[in-house]
Amino acid sequence: MHDDELLTVPQAMARLKISRSALYDLIRTRNLASLTIGRARRIPAHALDDYIQRHLEEAAR
């Protein structure tokens, strides 16, 4: 996956294996970065990787 790749909401949901509402909760609480292009919400792949890494580090504590 390229660092500059933009994922759709369904792609990000599938990658994290969470529901649409859970993904939007992460975005709303600013735990997951996203951007809007027109009416389309996109999640940068690196933001998803950063989110996963942060949670792995927290779990290891």
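In which helix do R28 and D25 both lie, and how many residues apart are they? The legends below, which describe a predicted model, begin with this pair.

**View 1. A salt bridge joins R28 and D25.** Both residues belong to helix 2, where they stand three residues apart, about one turn of the helix. An α-helix has 3.6 residues a turn, so residues three or four places apart point the same way. The side chains of R28 and D25 meet at 3.2 Å, N to O. R28 counts as exposed, at 59% relative accessibility, whereas D25 is partly exposed at 37%.

**View 2. Helix 2 has buried residues at L23, L26 and I27.** The helix spans residues 20-28. Viewed down the axis of helix 2, its buried residues fall within an arc of 100°, so they line one face of the helix. These buried residues pack against helix 1 (9-16), strand 3 (40-44) and helix 3. Just after helix 2, R30 adopts a positive phi of about 65°.

**View 3. D49 and R15 form a salt bridge.** Their closest N and O atoms are 2.4 Å apart. Because D49 lies in helix 3 and R15 in helix 1, the pair ties together parts that are 34 residues apart in sequence. D49 is partly exposed, with a relative accessible area of 29%; R15 is also partly exposed, with a value of 32%. The salt bridges come to two in count.

**View 4. R54 is placed in helix 3.** This helix covers residues 45-59. R54 is partly exposed, its relative accessible area being 37%. R54 and N31 are separated by 23 residues in sequence and by 9.9 Å in space, C-alpha to C-alpha.

Terms used:
Residues numbered from 1 in each chain as written. Predicted model: local features only at pLDDT ≥ 70, side-chain atom pairs only at ≥ 80, totals over all residues. Heavy atoms only, no water. Helix = DSSP H or I, 4+ residues; strand = E, 2+ residues; numbered from the N terminus. Buried < 20%, exposed > 50% of the residue type's maximum accessible area, 1.4 Å probe, protein only. Arc of directions from axis to C-beta. Contact = heavy atoms within 4.5 Å. Salt bridge = Lys/Arg side-chain N within 4 Å of Asp/Glu carboxyl O.
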